[in-house]
Amino acid sequence: MDEKNQLDKYIDFALSGIPELKTAERRNWLGEFREKIVLALTSEQIQRDDALQLVEEKMKDHRVDALIVKGQVNQEIAGKLMTICQRTGKDYRSINRPDLKGDIAMVLVSNDAVDEENVLLDTSALLSDTFYHARSNKLCKKHMEELKKQYPQFENRFEEIGLLDKMIGTKCGVCEGGEDLGPLY
């Protein structure tokens with residue numbers, strides 16, 4: 001009887017493959033265990049440049065060993081992520097499995113369990129629409145101070161309008177956000 005059970009196991013393995021641990025969990029986290037995830041971005045979040053800047057900052061975390069991207073991610077974005085991996089010396093992997101579920105498009109993973117409490121990127125860490133959709137990277141004093149206070153990690157993406165800028169007619173990228181400036185901007 002015991003030999004028959006063993007034979008049934010071998011037949012099951014041959015037909016369905018080796019059983020996986022936490023299969024449903026791994027489908028949600030791009031093939032990884034949840035406790036190894038340091039940061040995750042959704043398909044919507046990965047489209048934003050400011051999110052990619054935060055990913056680059058998080059890649060400096062000693063716990064991060066690799067960046068894994070869903071195969072359906074836009075090639076331009078995937079290229080930017082590859083460049084970030086090259087700069088930080090971390091591994092890059094693209095995963096293209098039809099059984100993946102959920103909206104996770106990218107994860108930063110560790111080789112060891114880190115059990116980070118909140119792995120999804122907090123949208124409050126991203127620039128508000130006001131700054132994200134600014135018409136230029138030049139800001140008036142008021143908006144530059146607001147940016148420094150609310151989003152100091154993005155201060156280097158903008159600069160305050162100086163005297164020369166005022167003389168040549170440069171406008172604040174946020175203040176003039178309501179106008180359609182055409183294709184030159």
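Lys138 is placed in strand β5, which covers residues 138-139. The model is predicted. The relative accessibility of Lys138 is 17%, so this residue counts as buried, the limit for buried being under 20%. Its side chain makes a polar contact of 3.0 Å with the side chain of Glu159. Apart from neighbours within four places in sequence, the residues in contact with Lys138 are Glu159, Ile161, Asp165, Thr170, Lys171, Cys172 and Gly173.

Cys172, one of the residues in contact with Lys138, is itself buried, with a relative accessible area of 5%.

How many disulfides are there? The count is 0, by a rule that asks for a pair of cysteine sulfur atoms within 2.5 Å.

| Cysteine | Nearest cysteine sulfur | Distance |
|---|---|---|
| Cys140 | Cys172 | 3.7 Å |
| Cys172 | Cys175 | 3.7 Å |

Cys140 is in no disulfide, and Cys172 is in none either.

The surface patch is next. Leu163, Leu164, Met167 and Ile168 make a nonpolar surface patch of about 520 Å². Ile168 lies in the segment after α7, a helix given as 163-167. Is Ile168 buried or exposed? With a relative accessible area of 62%, Ile168 is exposed, since the limit for exposed is over 50%.

Conventions: Residues are numbered from 1 along each chain as its sequence is written. This is a predicted model: local features need pLDDT of at least 70, side-chain atom pairs count only at pLDDT 80 or more; totals for chains, interfaces and linings use all residues. Side-chain values use heavy atoms; hydrogens and water are left out. Helices (H or I, at least four residues) and strands (E, at least two) are DSSP runs, numbered from the N terminus. Buried means under 20% relative accessible area, exposed over 50%, partly exposed in between (1.4 Å probe, protein chains only). A polar contact is a pair of N or O atoms within 3.5 Å; within protein, one must be able to donate a hydrogen and the other to accept it, and residues adjacent in sequence count only if both atoms are side-chain atoms. Contact means heavy atoms within 4.5 Å. Patches are made of residues with over 30% relative accessible area and no salt bridge: like charges are joined within 9 Å, nonpolar side chains (Val, Leu, Ile, Met, Phe, Trp, Tyr) within 5 Å. Accessible areas come from the Shrake-Rupley method with a 1.4 Å probe; for residues, only the protein chains shown count as cover. A salt bridge is a side-chain nitrogen of Lys or Arg within 4 Å of a carboxyl oxygen of Asp or Glu.
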